[in-house]
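Colleague: I would like to go through this model feature by feature. Please give the general idea each time, then the case here.

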Amino acid sequence: MKTVLLLGFLGLVLAASAQAGGVSYIRAVAPEPDFSDPATLLAAEEYVRLASSMNSRQTQRCGVPNKGGKARIVGGHEVDVLEYPWQIALVVRVQYNETTQAGGFCGGTLISDQWVLTAAHCVDLPYPVLSTTVYVGAHDLSLSREEDGRTEIVGESWYTHPEWDSSTVKNDVALIKLSQPVTFDGECRRGRADIQCEPRCGNACFCVSDAICPVCMGYGGDIEKIDVEAIGWGKTSDAGGRADTLQRIHTTTMTNSACRMADFVFFLLVSSNHVCIETHGGAKSVCNGDSGGPLLRWDGDRYSQIGVVSFGSSKGCESGSPAVFSRVDKYHSFICGTSGVC
């Protein structure tokens, strides 16, 4: 029996199982994690009041990194602070049992001032979801409340794809609407003529030192056998813990036919709605805690998101099996129809 591991929470783990004598899929729950670990649950004191300066449409200046060029996630390297200004950390609180509330961790991306793209299995759980909290501008999660530039915003509502199926991991995408919009027009520059600003994100101008920007949506262009990057705070090894600082890997996508041949369950699950990456014998991969984060393609002057971290082999993140992402261009209608980001 082989299983497919959804790469979401460090503790709340879902699995799909292919059984002999016909195929059926079973959702399983991992042993209870240590939810007192501050590296797993981010403390919060208050929600930050934000103002909007940008509508929900994608602009020509989306996807612009805060550092030129391309470049622990397994085998990853720490990125510069706010190098990927659309990356968010997502904490979901659930009612674990009658007396205990618990939390889990995922990644995601800002696609506009008020919408986050993530994985469906991050917000659709076997326990009642009490709240979602998005951390914008985060880099070092070990700093808890003290990190400069980090903003915490509660999710107002969340939407899984209408045909999301947790038993087969199909259509593993979701959108979170933030209770308050992110400010792309940096308030720190008001009354501060000494702070240099530059135009990004459409016509907005924000402080270079406080740069938050949405990612571009990869609705077109090549997908297979191209250079890509994945980022996240997930586990750095099968035996290790989640990374404190945001990590990046640089790898390539593969054909779906090659991905399906890599694992029997992948043969059953991977479809044209997925894109897979090479993991170089397990040296580079996404892992638990990276779910919902982006797979990025460099388009010459900006990044486009072409995938959302979905699942990998239960043999482990370092097993050498491909990692599987939901393919963004297959979900244009859901993203556009739900969020207005078209």
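**Salt bridges, cores and disulfides**

Modeller: We can start with charged pairs. The model is predicted, and a side-chain nitrogen of Lys or Arg within 4 Å of a carboxyl oxygen of Asp or Glu is taken as a salt bridge. By that rule there are five salt bridges.

Colleague: Which residue forms a salt bridge with Arg 248, and how far apart are the closest N and O atoms?

Modeller: The partner is Glu 83, with the closest N and O atoms 3.0 Å apart. Arg 248 sits in strand E14 (residues 247-254) and Glu 83 in the loop between strand E3 (77-78) and strand E4 (87-95), so the pair ties together parts 165 residues apart in sequence.

Colleague: Is Arg 248 buried or exposed? And is Glu 83 buried or exposed?

Modeller: Buried means under 20% relative accessible area. Arg 248 has 12%, so the residue is buried. Glu 83, at 5%, is buried as well.

Colleague: Where do Glu 156 and Lys 177 lie?

Modeller: These two form a salt bridge, with 3.8 Å between the closest N and O atoms. Glu 156 belongs to strand E8 (residues 151-160) and Lys 177 to strand E9 (residues 174-178), so parts 21 residues apart in sequence are tied together. Glu 156 is partly exposed, with a relative accessible area of 47%, and Lys 177 is partly exposed at 25%.

Colleague: What is the N to O distance for Asp 263 and Lys 315?

Modeller: Their side chains meet in a salt bridge at 3.7 Å, N to O. Asp 263 is in the loop between helix H2 (256-261) and helix H3 (264-269), and Lys 315 is in the loop between strand E17 (303-313) and strand E18 (323-327); the pair therefore ties together parts 52 residues apart in sequence. Asp 263 is buried, at 4% relative accessible area, whereas Lys 315 is exposed, at 52%.

Colleague: Which residues are in contact with Ser 321, leaving aside its neighbours within four places in sequence?

Modeller: Ser 321 is in contact with Thr 279, Ser 313 and Lys 315. Ser 321 itself is found in the loop between E17 and E18 and is buried, with a relative accessible area of 9%.

Colleague: Now the nonpolar cores. How many residues does the largest have?

Modeller: The general idea is that nonpolar side chains tend to be buried together in soluble globular proteins. Here the largest nonpolar core has 62 residues, and Leu 110 and Ile 111 have the most contacts inside it. Strand E4 gives the most to this core, with six residues. Another core, of 13 residues, lies apart from it and includes Ala 230, Ile 249, Val 309 and Phe 325.

Colleague: How many disulfides are there?

Modeller: A disulfide is a covalent bond between the sulfur atoms of two cysteines. The count comes to four disulfides. One of them joins Cys 259 and Cys 276, with sulfur atoms 2.1 Å apart. That link is left-handed, with -75° about the S-S bond. Cys 259 is in helix H2 and Cys 276 in strand E15 (residues 274-277), 17 residues apart. Cys 259 is buried at 0% relative accessibility, and Cys 276 is buried at 0%.

Colleague: What is the handedness of the disulfide of Cys 287 and Cys 317?

Modeller: The torsion about its S-S bond is about 80°, so the disulfide of Cys 287 and Cys 317 is right-handed. It links the loop between E15 and strand E16 (294-298), which holds Cys 287, to the loop between E17 and E18, which holds Cys 317.

How values were computed: Residues numbered from 1 in each chain as written. Predicted model: local features only at pLDDT ≥ 70, side-chain atom pairs only at ≥ 80, totals over all residues. Heavy atoms only, no water. Helix = DSSP H or I, 4+ residues; strand = E, 2+ residues; numbered from the N terminus. Buried < 20%, exposed > 50% of the residue type's maximum accessible area, 1.4 Å probe, protein only. Core = buried A, V, L, I, M, F, W, Y, C linked by side-chain atoms within 4.5 Å. Contact = heavy atoms within 4.5 Å. Disulfide = S-S within 2.5 Å.
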